[in-house]
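Hi,

Here is the structure I said I would pass on.

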Amino acid sequence: MAPVSTTDATSFAGLLSLIMLLVLLGIGVNMKMISPTVVADKGIELLSATFIFSVIVSLALYAVGCKSRKQSSSLKAHVTGNFIHDCWFGVQLNPHFIGVDLKFFFVRAGMMGWWFINLSVLAKSIQAGYVNISVILSQLFSALYILDYFFHEEFMTSTWDIIAERLGFMLVFGDLVFIPFTFSIQGWWLLKNKVILSKAAVITNCLVFLVGYCVFRGANKQKHIFKKNPKAPIWGKAPKVVGGKLLVSGYWGVSRHCNYLGDLLLALSFSLPCGASSPIPYFYPIYLLILLIWRERRDEERCSQKYKEVWVEYCKLVPWRILPYVY
């Protein structure tokens, strides 16, 4: 029997934690120990408490990181002397606490929090007697996305957040506050606004989700497999590589950040069930577009410095950054 890898075990632990929390939540609701709408009812209080906690954690990470004398890439301190910069971007790449990788822990907490808020808002919608196809699609797409994250959590080890971003307020706030409380805006909005979707709108929404999922998951999976085994076939063919390092096959031969395109389509699919009467439900995809363009620019600069001439050759072979023939 093949041994279980660390990343596989880590992914399983995240999925098991999610299942256990859902079971405990279900038991608590069934035994009348907790109201299914408690999160939705106490949204502002939870948002405030989580924000304060994020600030405290970020300051603690800064203080501990500055004192670190470790020389490993994950724990080495990167201190610029600018307090705001170091608190915002972080000092250490992958700090741990009692053996727990804090990056993975915070992302998991944010994804779980997002789903728990959605479930609580759904319970409130059921109590109000208002659940239609718009609510169902919004809940379904986000639930599938969250479950997919936990099933494929090991792919996170190949993403920008893990390999390049240090853990500071930007990531802590993003994971613990931004993900759960802004990704769930659509559910809150549908709770107050009744949206009737046509059959064409429903089909279009489903197609956007499916295409986004295939591109997002497919691209991340190809990159992860390539990093583990550079000779593994991509789309049934031997991978094409530039400089022995950069993949130019599969989705990665279409655009340099094709996974961002998939992520943007998924974000759009979460908002489309809300119709087009207000920009409020589209806050997440709009924000994500701005974030990913900013991140893509930073990544391009980093890769240009790292790979030099190889990066120039790669850009000639794959000229599009995110969306082919557009950007």
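Asp299 is buried, because its relative accessibility is 11% and buried means under 20% relative accessible area, exposed over 50% and partly exposed in between (1.4 Å probe, protein chains only). Its salt-bridge partner is Arg302, at 3.7 Å, N to O; a salt bridge here is a side-chain nitrogen of Lys or Arg within 4 Å of a carboxyl oxygen of Asp or Glu. Arg302 counts as partly exposed at 29%. Both residues sit in helix α12, three residues apart, about one turn of the helix (helices are DSSP runs of H or I, at least four residues, and strands are runs of E, at least two, numbered from the N terminus).

Before you go on: this is a predicted model, where local features need pLDDT of at least 70, side-chain atom pairs count only at pLDDT 80 or more, and totals for chains, interfaces and linings use all residues. Residues are numbered from 1 along each chain as its sequence is written, and side-chain values use heavy atoms, with hydrogens and water left out.

The structure has 10 salt bridges. Another one joins Arg256 and Glu300 at 2.8 Å, N to O. That pair links distant parts of the chain, 44 residues apart: Arg256 is in the loop between β4 (246–247) and α11 (258–271), Glu300 in helix α12 (residues 283–307). Arg256 is buried at 8%, and Glu300 is buried at 8% too.

Glu296 and Arg297 also meet in a salt bridge, at 3.8 Å, N to O. Glu296 is buried at 0%, whereas Arg297 is partly exposed at 44%. A network of salt bridges links Arg256, Glu296, Arg297, Glu300 and Arg321.

Cheers
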